[in-house]
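User: I would like to learn how to read the packing inside a protein model. Could you take me through one example?

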Amino acid sequence: MVPVPFIMLYLKKLASFAASRNKTVARFVNILFENAKAKAGPIEEFQWLGLMLFVAVPFPGTGAWTGAFIASILDMPFWSALSANFVGVVFAGLLVNLLVNLGLKYAIITGIILFLVSTFMWTILRSIRKSLSSSN
């Protein structure tokens, strides 16, 4: 968690500084940020909850650093993004601890369930949001 606030605060400044020095870097940074924004739709849609769930899933590439990059690129409020990252890291740690303590057989079963839930998580959240908004 130590580099997370620095990534959120200074990523865009560092990228714009590097882009101002070199046209190739500017094109690369522009492509990188555009691709990240295009793929971060669910996180942008659900903001705090989306970022927290993204960080909480203990798969490669979904940790606090990636969450900080996404929060910075999406211009999420600093304290909201920091707290979502923190809660996500805590949940990921608890989940990994649970998997380690379950034993191999149950860890594999739980891993498969976690994979399925994380695959359909955004669809489930959208349907819950629609049902809540239609009941109001």
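User: Which residues touch the most other members of the largest nonpolar core?

Analyst: A nonpolar core is a set of buried Ala, Val, Leu, Ile, Met, Phe, Trp, Tyr and Cys residues joined through side-chain atoms within 4.5 Å, where buried means under 20% relative accessible area (1.4 Å probe, protein chains only). Here the largest such core has 25 residues, and Met8, Ile43, Leu51 and Trp122 touch the most other members. This is a predicted model, in which local features need pLDDT of at least 70, side-chain atom pairs count only at pLDDT 80 or more, and totals for chains, interfaces and linings use all residues. Residues are numbered from 1 along each chain as its sequence is written, and side-chain values use heavy atoms, with hydrogens and water left out.

User: Which helix gives the most to this core?

Analyst: Helices are DSSP runs (H or I, at least four residues), numbered from the N terminus. Helix 3 gives the most, with eight residues, while helix 1 (4-21), helix 4 (64-73), helix 5 (78-102) and helix 6 (104-135) are also among the elements giving two or more.

User: What is Leu51 in contact with, leaving aside its neighbours within four places in sequence?

Analyst: Contact means heavy atoms within 4.5 Å, and by that criterion Leu51 meets Ile43, Gly67, Ala71, Met76, Ala81, Ala84 and Asn85.

User: Where is the kink in helix 3 centred?

Analyst: The bend at a residue is the angle between axes fitted to the seven residues ending there and the seven starting there; in helix 3 a kink of about 135 degrees is centred on Gln47. The buried residues of helix 3 include Phe46 and Gly50, and what covers its buried residues includes helix 2 (23-39), helix 4, helix 5 and helix 6.

Terms used. Buried means under 20% relative accessible area, exposed over 50%, partly exposed in between (1.4 Å probe, protein chains only).
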